[in-house]
Amino acid sequence: MNFVEELRWRGMLHDMMPGTEELLNKEQVTAYIGFDPTADSLHIGHLCSVMILRHFQRCGHKPMALIGGATGMIGDPSGKSAERNLLTEDTLNHNIEGMKAQLSKFLDFDSDAPNAAELVNNYDWMKSWTFLDFAREIGKHITVNYMMAKDSVKKRLNGEARDGLSFTEFTYQLLQGYDFLYLNQNKNCKLQMGGSDQWGNITTGTELIRRTNGGEAYALTCPLITKADGGKFGKTESGNVWLDPRYTSPYKFYQFWLNVSDADAERYIKIFTELTREEVEQLVKEQAADPGLRPIQKRLAKEITTMVHSAEAYESAVEASSILFSKDAAEKLHRIDEATLLDVFEGVDTFKIAKSDIESGETKLIDLLTEKAAVFPSKGELRKLAQGNGLSINKEKVTDINLPATADMLLAGKYILVQKGKKQYFLLIAE
């Protein structure tokens, strides 16, 4: 496979230095992408970079993931309007461990293949430098004029940020440049890749290599992922969409991809999956023939949820998504876990009830839904709705409201789902 051609048709190529494609066609190349360890999980904003490394390895080249243990202590000014909080060493180490585990789902780190992926941490080679040594040995090769000409610097100095740019952040491109120099000298790394906002930092590295040892060094960037409507990709009302299920459940993760717009889905399925050009073209035809079936979104959600979580997590997310409309909804409700149940019914009104009232078996439904939890303002209204077949408990129709509420009604051991009519839901929480 031709790596550059693969990126081109997928819409994942923004810019590259002259000679990059020729180098990749000539030999097995080692390349790296840097990741900031600002959290103990990657989010979907990182996924384009991760997929680039994955394609790179599939094409026979050697990918390196660089975790910025040292640069993460400073913060990259690119695309930022203010200096961010600096992380402690303990926090950084914790974050690095979490990111390592996630990257191993996408890249082969463990095989004996010559292009097995490698994970490096720039703290390992930065920790022994003193300020004076770094200024003398590295700083002398790059002029302030050169650094000031970078867009990431100019935007901060000329933008709305009143505080300007600290010396700490100003040195970031020099530190990132040194990463490339170190990997070039010690790992024969000839290519650095990243988002288009990293072009300035990457080319500082190629310039540093050229001026110190005259080595071969190249740059390649991908476009920054956006939404068709101009909104920021990967953000929801509740924040980032994380790869770690502790922060974004597989159900919510699946729902995010399932609900992207048609315009976005066609771009995203090329970027975030390994489907071939023929498979993508077939899905595009199916989508054009019947957009309501949303075949691209369904396949995108399947591929990426399976890759990030597992086939089982994908199946569970699909099952949970169908609960509100399926004929065997009652069965499915009793199968899903508590976190998914709460995700599916996020935002519905809740009432707290005493678990003892349920476990005793002495509380009638008519009393539970009016006196214990004010789901209905009166027993008359409840009676009328039940007689009209409009009351459901855990997605099962209930007409006899004098039946007792029992422990086997509890979902995940503590919830009862009450439905009024077709669309109004309430969740009783037994404590």
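A: The answer begins with the rings and then turns to some loops and strands. This is a predicted model, in which local features need pLDDT of at least 70 and side-chain atom pairs count only at pLDDT 80 or more, while totals for chains, interfaces and linings use all residues. Residues are numbered from 1 along each chain as its sequence is written, and side-chain values use heavy atoms, with hydrogens and water left out.

The whole structure holds 20 aromatic pairs. Rings of Phe, Tyr and Trp (its six-membered ring) pair if their centres lie within 6.5 Å; planes under 30 degrees apart are stacked, over 60 edge-to-face, and the rest tilted. Phenylalanine 134 and tyrosine 178 make an edge-to-face pair, because their ring centres are 5.8 Å apart and their planes meet at 85°. Phenylalanine 134 belongs to helix 6 and tyrosine 178 to helix 10 (residues 172-187), so the pair ties together parts 44 residues apart in sequence. Helices (H or I, at least four residues) and strands (E, at least two) are DSSP runs, numbered from the N terminus. Phenylalanine 134 and tyrosine 178 are both buried. Buried means under 20% relative accessible area, exposed over 50%, and partly exposed in between (1.4 Å probe, protein chains only).

Tryptophan 242 and tyrosine 247 also pair edge-to-face, because their centres lie 5.9 Å apart and their planes stand at 65°. Tryptophan 242 is buried, at 19% relative accessibility. Tyrosine 247 is partly exposed, at 40%. One aromatic cluster is formed by Phe233, Phe253, Phe256, Trp257, Tyr268 and Phe272.

A ring can also meet a charge. The charged end of lysine 420 sits over the ring of phenylalanine 376, 4.6 Å from the ring centre. That term asks for NZ of Lys or CZ of Arg within 6 Å of the ring centre and within 35 degrees of the ring normal.

Back to helix 6. Leucine 132 is located in this helix, which covers residues 131-137. Leucine 132 is exposed, with 66% relative accessibility. Phe131, Leu132 and Phe167 make a nonpolar surface patch of about 410 Å². Patch residues have over 30% relative accessible area and no salt bridge; like charges are joined within 9 Å, and nonpolar side chains (Val, Leu, Ile, Met, Phe, Trp, Tyr) within 5 Å. A salt bridge is a side-chain nitrogen of Lys or Arg within 4 Å of a carboxyl oxygen of Asp or Glu. Accessible areas come from the Shrake-Rupley method with a 1.4 Å probe; for residues, only the protein chains shown count as cover.

Now follow helix 10 to its loop. Asparagine 188 lies between helix 10 and strand 5 (189-195). Its phi is near 55°, a positive value in a residue other than glycine. Most residues other than glycine have a negative phi. Asparagine 188 is partly exposed, at 48% relative accessibility. Arginine 294 also has a positive phi, of about 50°. This arginine 294 is in the loop between helix 14 (277-289) and helix 15 (295-308).

One more phenylalanine is found in a strand pairing. Phenylalanine 35 stands opposite isoleucine 67 in strand 3. Strand 2 (residues 30-35) and strand 3 run parallel, joined by six bridges. Two strands pair if DSSP finds at least two bridges between them. In strand 3 (residues 62-67), six of six residues are buried. Lys62, Met64 and Leu66 point one way, and Pro63, Ala65 and Ile67 the other.
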